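Dear colleague,

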Amino acid sequence: MSLRAVRGVKDILPGEVELWEVVEAEARRLFKTFGYAEIKIPVFEHTSLFARSLGETTDIVQKEMYTFEDRGGDSITLRPEATASLVRAYIEHNLFHPPRLLKVFTIGPMFRYERPQAGRFRQFYQVNAEAFGSDNPAVDAEILVFVDKLLRALHLDDLEVRLNSLGDEACRPRYTEALTAFLQRRRDALCEDCDQRIDLNPMRVFDCKTPGCQELKEAAPTIGEYLCEACVDHFEQVKAHLARVDIPVHLDPQLVRGLDYYTRTTFEVVSARLGAQDAVCGGGRYDGLVEALGGPPTPAIGFAIGIERLVSLLDRSRLPLDEGTPQLFIATVGEGVDEVAFEIMHALRSASIRVEREYESRSLKAQMKVADRSKAQYTLILGGDELARGAALLRNMAASSQEEIALDSLVEEIKARLALP
Ligand code: ATP
Ligand code: MG
């Protein structure tokens with residue numbers, strides 16, 4: 001039996017992982033700029049947390065959760081998303097005290113039992129952010145500015161932000177009623193799943209990819225016509241804030257999200273380059289969730305970015321990738337030099353110089369080949385007469401030139417050549 005990873009998960013190997021590093025570094029840098037603090041949350045929770053927060057009838061809860069009984073008999077679920085856990089942590093640690101705008105983020109793996117395909121994995125990573133404690137439309141706009149800034153920092157300027165408002169508990173019921181009535185009249189055109197969704201959660205029909213349902217979607221009433229005055233006003237202000245700082249958005253009256261907890265501002269970021277799984281980011285307000293999970297009434301908004309899909313869109317040549325290339329390679333000539341080489345390598349690394357060497361090849365020619373392949377700027381050749389004089393040969397690999405440098409000022413000399421402070 002050959003050992004293979006579980007279907008639907010993947011290893012992120014060196015070569016690709018540098019792109020992930022850039023994404024995380026840019027995200028972390030921007031989170032600091034925007035005042036978000038990191039929270040590290042567990043990858044598993046009590047199953048009831050997700051059932052209660054995402055909604056019993058959502059696809060995630062019904063079909064996609066990795067749920068198991070642990071040895072103590074508790075029902076545990078690998079987190080399919082982070083918002084539920086962040087809300088749990090917010091309540092559990094009284095983070096609503098003192099009352100304030102609290103902005104947090106987390107980065108890590110999520111787990112969903114979905115059909116593996118391009119852009120869809122069973123373990124995937126998200127950058128997740130939530131802002132608790134304000135229903136000010138400026139907070140919604142700020143979140144969209146963050147997303148826009150992150151994408152631009154990664155040179156992704158061809159993505160589209162789709163924006164909608166889903167209303168609140170005051171206006172949504174009237175809309176759901178109208179939508180249900182519409183769908184009931186056209187029941188025969190719906191797929192089997194959507195037929196069942198009518199009574200459970202009719203807005204989910206908009207999420208359906210079946211051609212029949214897609215067509216019906218075009219004729220269905222949209223939430224925009226049903227928003228109450230407060231929600232219209234809120235949405236207008238979000239848009240006005242975005243316009244003020246020139247953040248382009250595309251209004252999509254049929255945009256809904258797959259989870260029950262969303263209210264008001266809702267958005268998705270999509271790419272035409274991604275095919276069927278085109279969403280890179282999804283988010284929105286969830287003003288009722290904190291209270292529904294036992295906390296004080298707390299308006300909140302958040303988003304999640306799928307890192308795999310984001311990384312698949314990146315252009316390596318436009319990003320400052322750190323491929324771990326050594327700055328200096330050490331080659332040795334003759335016997336008895338290994339210990340000196342080891343000591344020199346230690347001294348250079350202590351000065352934060354990236355040093356590599358090849359332990360297995362004995363001939364200088366073979367070592368120089370490895371040095372070449374390593375793309376190191378310099379190779380330090382230790383051996384023979386130079387060592388006896390307390391010196392070594394330093395080869396500039398690009399210029400193919402060599403010079404002798406004294407070992408007692410080695411670190412300073414190399415730092416100077418590498419233009420290091
Ligand atoms: P989709 O419509 O693609 O199923 P979703 O609405 O289920 O996405 P969210 O729960 O909003 O997605 O998650 C936010 C982001 O996480 C998505 O926009 C996507 O980039 C990413 N994502 C979601 N599910 C997966 C998955 N199975 N594999 C890889 N990335 C995913
Ligand atoms: Mg999904």
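Two strands are taken to pair if DSSP finds at least two bridges between them. In this predicted model, two bridges join β1 to strand β5, residues 102–111, and the two strands run parallel. Within that pairing, E38 has F105 of β5 as its bridge partner.

This pair belongs to an open sheet of eight strands, which follow the order β1-β5-β6-β11-β10-β9-β7-β8 with mixed pairing. The edges are held by β1 (37–38) and β8 (250–251), and because each has a single partner strand, one side of each is left without a neighbour in the sheet.

Turning to the ligand, ligand 1 is surrounded by 14 residues, of which R112, E114, F121, R257 and A279 are the closest. The shell divides into six nonpolar, three polar and five charged residues. At least two shell residues come from each of β6 (123–132), β10 (279–285) and β11 (300–306), and β10 gives the most, with three.

At F121 the contact is made by the backbone, where a polar atom lies 2.9 Å from a nitrogen atom of ligand 1. Taken alone, ligand 1 exposes 580 Å², and the protein buries 89% of that.

With best regards

How values were computed. Residues are numbered from 1 along each chain as its sequence is written. Chains are lettered from A and ligands numbered from 1 in the order in which they are written. This is a predicted model: local features need pLDDT of at least 70, side-chain atom pairs count only at pLDDT 80 or more; totals for chains, interfaces and linings use all residues. Side-chain values use heavy atoms; hydrogens and water are left out. A residue is near a molecule or strand if one of its heavy atoms lies within 4 Å of it. A polar contact is a pair of N or O atoms within 3.5 Å; within protein, one must be able to donate a hydrogen and the other to accept it, and residues adjacent in sequence count only if both atoms are side-chain atoms. Accessible areas come from the Shrake-Rupley method with a 1.4 Å probe; for residues, only the protein chains shown count as cover. Helices (H or I, at least four residues) and strands (E, at least two) are DSSP runs, numbered from the N terminus. Ala, Val, Leu, Ile, Met, Phe, Trp, Tyr, Cys and Pro count as nonpolar, Asp, Glu, Lys and Arg as charged, and the others, Gly among them, as polar.
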